[in-house]
Amino acid sequence: MTDAVEVKTLIIDDQEVSARRGQTILEVAREHDIHIPTLCHVEGLSNVGACRLCLVEIKGSNKLLPACVATVFEGMEVVTNSERLRRHRRTILELLFAERNHICSVCVSNGHCELQTLAQEQGLTHVRMPYRNPQLSVDASHDRFTADHNRCILCTRCVRVCAEIEGAHVWDVMGRGINSIVITDLHQDWGSSTCTRCGKCVQVCPTGALFEKSKIGTDNPKNPDFLPYLNLMREAR
Amino acid sequence: MSKLKVATVWLDGCSGCHMSFLDMDERLLELAELIEIVYSPIVDAKEFPGEVDIALVEGAVASVDDEKKIKKVRAHTRTLVAMGDCAVAGNVPSMRNPFGPEAILNRAYIENTTTQQQIPCVVVPNLLKVVRPIHEFVKVDIFLPGCPPSANTLYTVLTALATGQPVDISSLTRFGA
Amino acid sequence: MTIEELEQIAESVRRENANFDYEVSVCMDLACASQGSDKLRDALLRSAEASGKKVLVRRTGCMGPCSHGPLVRVDPDKTLYGHVSPGRAQGIVDSLGGEPVAELQCELNEHFDSQMRVVLENAGYIDPEKIDDYIAREGYKALVTVLMEMTPGGVIHRITESGLRGRGGGGYPTGLKWGTVAKAAGDVKYVVCNGDEGDPGAFMDRSVMEGDPHRVIEGMALAAYAVGASKGYIYVRAEYPIAVSRLTMALREARRRGLLGINICNTPFSFDIEIRLGAGAFVCGEETALIASIEGKRGTPRPRPPYPAVSGLWGKPTLINNVETYANIPPIIRNGGKWFSSMGSERSKGTKVFALTGKIANTGLVEVPMGIKLRQIIEVIGGGVPPGHTLKAVQTGGPSGGCIPAEMLDIGVSYDALMAAGSIMGSGGMIVMDDTSCMVNVARFFIEFCMTESCGKCIPCRAGTAQMYTLLTRICTGKGTMDDLALIEDLCVTVKETSLCGLGQTAPNPVLSTLKYFRSEYLEHIANKRCPAGVCHMHAGAEADVFAPAVSQEVVA
């Protein structure tokens, strides 16, 4: 038996499932229609384990593991939806809503935003923490796109898609901690950066932080589904 | 069974939630069997009553008046409902927070006016430096996000409250809905 | 280089020293140097030359009791002088051969007698810029012996036998870690020394790197031999320029002596070390962030596994240990694992260096056997809190640690006992607090530290610490409510359980431990708007929240 087809048997939420060696818990769960919430993960890009929404419990261990990067092992028992996990997920979402100025009602992505959808899915009806209300800029210098940092959740999908798929690495993160922001090039305006205008970052952005000018989400929902296809084409070459 | 006494309150908001309330249309007649509106911007009552079963509060707390009002409402209300995103999360009124009230007042009363440029300081209540959702001032029992929460949401929640049925808010509405 | 050659060097140093009747050692570590010990050394040199006496004036690393600096020790009499100004040099030289200068003498016998020096055995006795001084005190003997006589497996066995645990804070068994890297597949492996010491008030690693740099290099070379690496990196923060220059000099001298480089001691073993400077990010002390930083990337951690022992620097198996861990290696090899495990407590072997700071008489570096009672460190070695004050708490483990209340001073200092008390061993910072410290404010200080040092990658650490800081600030300014306190406790759990790396996972510890032992202080701030220690400025009042426009003249008229 070669490594590639080595089979592991495990239990996810009381359901016995089989997986290939090296698969992540998230991959296996999705293959079996078990829902695990994610935010920084997007199919087709590398995983960074940063949003912590996909944390799952492993029986016999007190440590929570990020399903997007943790690989399966034989006999593993995974719990994806306990009261403890739901509480953590709600708190993390609250932290995001309070961190910047997320005003859903006036956002281009209202109705098509992954943050908004997750909040509803996780039963979040209000935010207990004080809103931080930071003063952040909106970069409208690009002729096709706009970056509104008020709505950015620092998932770094734009950074990864630009570096890994487009190969341009225009986006990156600047600053540390609560002061981090995504930047183009060495913090130049997006419009005068080395951006290739491919628009992939806009399509993978889960919120209204990156959007196409003069279009609102309702007419033009984002669609990151092209990534697995691009990767597949690449592997075929 | 006596009817539930319901009040609706309008703080810093656009009145859209109240419009949504009126959008219940003919279902208001059904509701009228269960509830009685004892105080509201849309009825003729000047003082908040002593005892209210349910208060629907629209709008964020943006001025010293709002703060006084919400505290009074809380003191006389059994079940306080934050109605809509402004009351729940600050929403559009809170968009001034990153800039501060002075910048906003200047914009409204100085920069954008041609005559009598002055910031009102007598009739208009003083603004709070930060616009905040109502639960930062008083205990809120039910949060109804949405901008505005739909008429259907309001109807479902009010009938559930009137009949003592549980209700899953997240299945009805969300932020920005 | 052979054992005989090492012995020859040692002998020549001893012969040279025998030419002098007196050795005057001047502490030139940062604390003493900042009080002018360089001028003092010059003055001593001048006075010694003029006196005609045979005096060797030596610059050394940290002697320990920094609060008494600048320090001078005169041998063979072992007289220790404190607070020596350059003007006193003449008097000290004059006294040689006669009665010591009474008013400068430090009575610190108790301070030193309760200590046990392994890592710091050379500190204060050698000139850190002279490799021969190190060799004269058995330096590089372990390396040469190992290369001649021991197998890599034998080295790992000895380290395992010693029971040494990582001194960077985690306390992972060192032998086990080495074994994992040695077993990992791949012909290219790396050895990394974590010198990114960043805890507020901690300077153990700096003192070792500045005062005895060869010890770290020898420890790394031994590790490289054991795990099969040929390349090492020392990651030092750029804020330690003296450590960087001493290490650079030490590496050059070691290469010159053939103790680093290709085919060391004519064996097939080749090993060299490069220094990498950290740009001041605390999180780069976390091993995966440190690796990213050495690779030239943004210093942010990544999820483990894979652990660096399997996939570290450039995806190769990498051994990462702290400065103090490496500094423990040469004596363990020389004296045997059993010698080391005879010191310390049941599950924490050997000694630990602490940087003692805060409201205490003798601040500075101390090295004690594991298991020693906290009380002995504070009251005997540290000399207790200033007169008229009472001890309130001892903070260990830096921003990842917790506050241990005065009632618990009788616990033994070990990884497990500190953990059980809600704190951690950490890298060795120990901050003593008396009744003038407000514990809420202390918790707020550490959370502010974690907030500014968070890398911003994961949400709970980035936004959670910021929220906790905001809420603690509310409490410290008299605006806090019981709801805020409940929210803080909630956030503690989420930040602790869901953060990506150790920085976030341990960030709530200072809050949790102060809440556990000093909850009444929090409640006093909230309920009565009063800070019991008188530290916090309570300016509660609604006015601050309201914007009142100035009444314009027209309206008044």
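**Figure 1. The open sheet of chain A.** In this predicted model, three strands of chain A form an open sheet in the order S6-S7-S10, with antiparallel pairing. Strands are DSSP runs of E with at least two residues, helices are runs of H or I with at least four residues, and both are numbered from the N terminus. Two strands pair if DSSP finds at least two bridges between them. The edge strands are S6 (138-139) and S10 (210-212) of chain A, each of which pairs on one side only. S6(A) and strand S7 (residues 145-148) of chain A are joined in the antiparallel sense over two bridges. A:Val138 has A:Asp148 of S7(A) as its bridge partner. Residues are numbered from 1 along each chain as its sequence is written, while chains are lettered from A and ligands numbered from 1 in the order in which they are written. Because the model is predicted, local features need pLDDT of at least 70 and side-chain atom pairs count only at pLDDT 80 or more, whereas totals for chains, interfaces and linings use all residues.

**Figure 2. Helix H4 of chain A and its surroundings.** Helix H4 (residues 157-166) of chain A has the buried residues A:Arg157, A:Cys158, A:Val159, A:Arg160, A:Val161 and A:Cys162. A residue is buried if 20 or more other C-beta atoms lie within 10 Å of its own, exposed if 12 or fewer, and partly exposed in between, with C-beta atoms placed from the backbone. The buried residues of H4(A) pack against strand S8 (171-174), S9, H5 and S10 of chain A. Just after H4(A), A:Gly167 takes a positive phi of about 75 degrees.

**Figure 3. Two loop residues of chain A with positive phi.** Most residues other than glycine have a negative phi, and most peptide bonds are trans. A:Asp33, which is not a glycine, has a positive phi near 55 degrees. A:Asp33 lies in the loop between helix H1 (25-31) and strand S3 (55-58) of chain A, and counts as exposed because it has 7 C-beta neighbours inside 10 Å. A:His187 is another residue other than glycine with a positive phi, of about 65 degrees. The loop that holds A:His187 runs between strand S9 (181-184) and helix H5 (200-204) of chain A. A:His187 counts as exposed because it has 11 C-beta neighbours inside 10 Å.

**Figure 4. Cis peptide bonds in chains B and C.** In chain B, the peptide bond from B:Cys147 to B:Pro148 is cis, with omega near -10 degrees. B:Pro148 lies in the loop between strand S7 (142-144) and helix H6 (151-163) of chain B. In chain C, the peptide bond from C:Pro305 to C:Pro306 is cis, with omega near 5 degrees. The loop that holds C:Pro306 is between helix H13 (287-294) and strand S8 (318-322) of chain C.

**Figure 5. Strand S8 of chain C.** Five of the five residues of S8(C) are buried. C:Thr318, C:Ile320 and C:Asn322 point one way from the strand, and C:Leu319 and C:Asn321 point the other way. In a regular strand the side chains alternate between the two faces of the sheet. S8(C) runs parallel to strand S5 (residues 190-195) of chain C, and five bridges join the two. C:Val192 stands opposite C:Ile320.

**Figure 6. Members of the largest nonpolar core.** A nonpolar core is a set of buried Ala, Val, Leu, Ile, Met, Phe, Trp, Tyr and Cys residues joined through C-beta atoms within 7 Å. The largest such core holds 294 residues, and B:Val57, C:Leu222 and C:Ala223 touch the most other members. Residues up to four places away in sequence aside, C:Leu222 touches C:Ala142, C:Leu143, C:Val146, C:Val155, C:Ile329, C:Pro330 and C:Ile333. Two residues are in contact if their C-beta atoms, placed from the backbone, lie within 7 Å.

**Figure 7. The contact between chains C and A.** Here 25 residues of chain C are in contact with 25 residues of chain A. On the side of chain C, helices H18 (439-453), H19 (459-476) and H20 (482-498) are the elements that give two or more residues. H19(C) provides the largest share, eight residues. The residues on this side of chain C divide into 11 nonpolar, eight polar and six charged. In this grouping Ala, Val, Leu, Ile, Met, Phe, Trp, Tyr, Cys and Pro count as nonpolar, Asp, Glu, Lys and Arg as charged, and the others, Gly among them, as polar.
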